[in-house]
Amino acid sequence: RGELQGAFRYGGAVVDGVKPIRVHSAGGTEVTLLGRNFLSSPPFSVRLEAAGVEACAQLRIVDDDSMVCLLPPLMQEDVAVVVSVDGQEEGAEASSRAALQVLEVPSFYKECRPAQGLLECSDCCEPRCQEWELSPSGNNMARGGAYYQHCRDECRRVCGGQGGGTANQTHAQPAGSSNHSSHSL
């Protein structure tokens with residue numbers, strides 16, 4: 001394959017930082033991704049590296065140096081926002097990342113780990129999840145006993161049982177364009 005000598009080449013999208021850095025685990029916070037080449041880049045994706053990879057609930061490019069991500073609930077204390085240029089192999093030029101610090105993550109996400117084994121992790125997770133659901137900071141699934149099934153499902157995901165997390169990423173679109181997510185296992 002040949003290259004045109006002296007031709008101008010657009011750089012890929014790069015994220016240098018995120019504001020605010022500290023966000024609440026419940027989601028719903030808009031964070032601004034700061035970087036460069038968001039409008040002039042070849043197609044790129046944004047993903048959140050958390051327990052199970054998460055996509056921005058919404059993503060919009062504001063200008064060449066900033067885009068806004070509406071965060072979903074994040075249940076891990078340290079999350080990386082990763083911008084990857086589509087179709088390029090992983091490497092310094094293909095992706096960049098910025099760190100988020102997630103506050104008030106429910107205890108069962110931190111204390112119950114898959115490394116404990118599925119049964120031990122589930123025994124740790126389900127009562128802590130139910131306790132959290134009934135607390136003022138819980139997500140109000142307690143009506144009608146729905147929190148039992150929610151906690152069972154969530155603990156399967158946390159502990160690595162059936163119904164584990166999926167990898168999602170959001171493909172960036174300029175402001176005013178529709179937002180598409182791709183899903184893979």
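The lining of the largest pocket in this predicted model divides into 11 nonpolar, six polar and four charged residues, where Ala, Val, Leu, Ile, Met, Phe, Trp, Tyr, Cys and Pro count as nonpolar, Asp, Glu, Lys and Arg as charged, and the others, Gly among them, as polar. The volume of this pocket is about 350 Å³, and of the 21 residues that line it, Ser 25, Pro 73, Met 75, Tyr 109 and Trp 132 are the closest to its centre. A pocket is taken on a 1 Å grid over the protein atoms alone as an open set of points where a 1.4 Å probe fits, with protein on both sides within 12 Å along at least five of seven lines, and lining residues have an atom within 4 Å of a point. Helix H3 gives the most to this lining, with three residues; helices (H or I, at least four residues) and strands (E, at least two) are DSSP runs, numbered from the N terminus.

Residues are numbered from 1 along each chain as its sequence is written. In this predicted model local features need pLDDT of at least 70 and side-chain atom pairs count only at pLDDT 80 or more, whereas totals for chains, interfaces and linings use all residues, and side-chain values use heavy atoms, with hydrogens and water left out.

Trp 132, one of the residues closest to the pocket centre, is also among the buried residues of helix H2, which include Cys 121, Cys 124, Cys 125 and Cys 129; buried means under 20% relative accessible area, exposed over 50%, and partly exposed in between (1.4 Å probe, protein chains only). The cover of the buried residues of H2 includes helix H1 (107-111) and helix H3 (146-159).

Strand E7 (residues 78-85) is mostly covered, with seven of its eight residues buried. It pairs in the antiparallel sense with strand E4 (residues 44-49) over six bridges and with strand E8 (residues 95-103) over seven bridges, a pair requiring at least two DSSP bridges. Leu 48 has Val 81 of E7 as its bridge partner, while Val 79 has Leu 100 of E8.

Most residues other than glycine have a negative phi, and most peptide bonds are trans. Asn 37, in the loop between strand E3 (30-36) and E4, has a positive phi near 65° and is buried, with a relative accessible area of 18%. Glu 104, in the loop between E8 and H1, has a positive phi near 60°, but is exposed, with a relative accessible area of 56%. A cis peptide bond, with omega about -5°, joins Lys 19 and Pro 20, and Pro 20 is found in the loop between strand E1 (14-19) and strand E2 (22-24).

Note on methods. Contact = heavy atoms within 4.5 Å. Points joined across faces, edges and corners; volume = space filled by probe spheres on them.
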